[in-house]
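Colleague: I would like to learn how to read contacts and ring pairs in a model. Please take me through some cases.

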Amino acid sequence: MVNRVVVGAHYGLKDWLGQRITAVVMAVYTLIFAIGALSMGELTYENWRGLFSGGFMRFATFLFFASLMYHAWVGVRDIYMDYIKPTGVRVVLHSVTMLALIGYLGWAAQVLWRL
């Protein structure tokens with residue numbers, strides 16, 4: 001018999017729930033964005049700028065990207081944990097992925113608030 005050490009009573013529940021919540025946030029944002037894009041009429045720079053000039057749309061877009069990065073992190077991390085067995089390689093991949101996702105989120109913030 002093999003003794004398995006499990007970290008807590010609800011191991012993995014937080015990440016599972018986090019992915020579901022971020023998926024709902026991204027779906028709701030997609031609907032809001034689609035309504036905004038379809039209601040603006042002609043697709044010109046001024047109309048796009050007007051759509052994102054309000055604080056709500058900028059915040060909603062940033063929340064979408066933050067949700068996307070967390071959603072991607074949980075998914076990719078689980079893939080690494082399941083399929084990459086050498087610990088050193090897995091740690092390097094985790095680090096590179098996390099830094100890239102944080103960088104992407106920072107880049108999204110820069111684009112949104114530079115308008």
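Colleague: Which residues does Met 57 touch?

Modeller: Contact means heavy atoms within 4.5 Å. Leaving out residues up to four places away in sequence, Met 57 touches Tyr 29, Ile 32, Phe 33, Leu 51 and Phe 52. This is a predicted model, where local features need pLDDT of at least 70, side-chain atom pairs count only at pLDDT 80 or more, and totals for chains, interfaces and linings use all residues. Residues are numbered from 1 along each chain as its sequence is written, and side-chain values use heavy atoms, with hydrogens and water left out.

Colleague: How is a pair of aromatic rings described?

Modeller: By the distance of the centres and the angle of the planes. Rings of Phe, Tyr and Trp (its six-membered ring) pair if their centres lie within 6.5 Å; planes under 30 degrees apart are stacked, over 60 edge-to-face, and the rest tilted. That rule gives seven aromatic pairs here. One of them joins Tyr 29 and Phe 33, stacked at 6.0 Å centre to centre with 20 degrees between the planes.

Colleague: Where do Tyr 29 and Phe 33 sit in helix 1?

Modeller: Helices are DSSP runs (H or I, at least four residues), numbered from the N terminus. In helix 1 (residues 13-39) the two are four residues apart, so about one helical turn separates them.

Colleague: Is Tyr 29 buried or exposed?

Modeller: Buried means under 20% relative accessible area, exposed over 50%, partly exposed in between (1.4 Å probe, protein chains only). Tyr 29 is buried at 9%, and Phe 33 is partly exposed at 26%.
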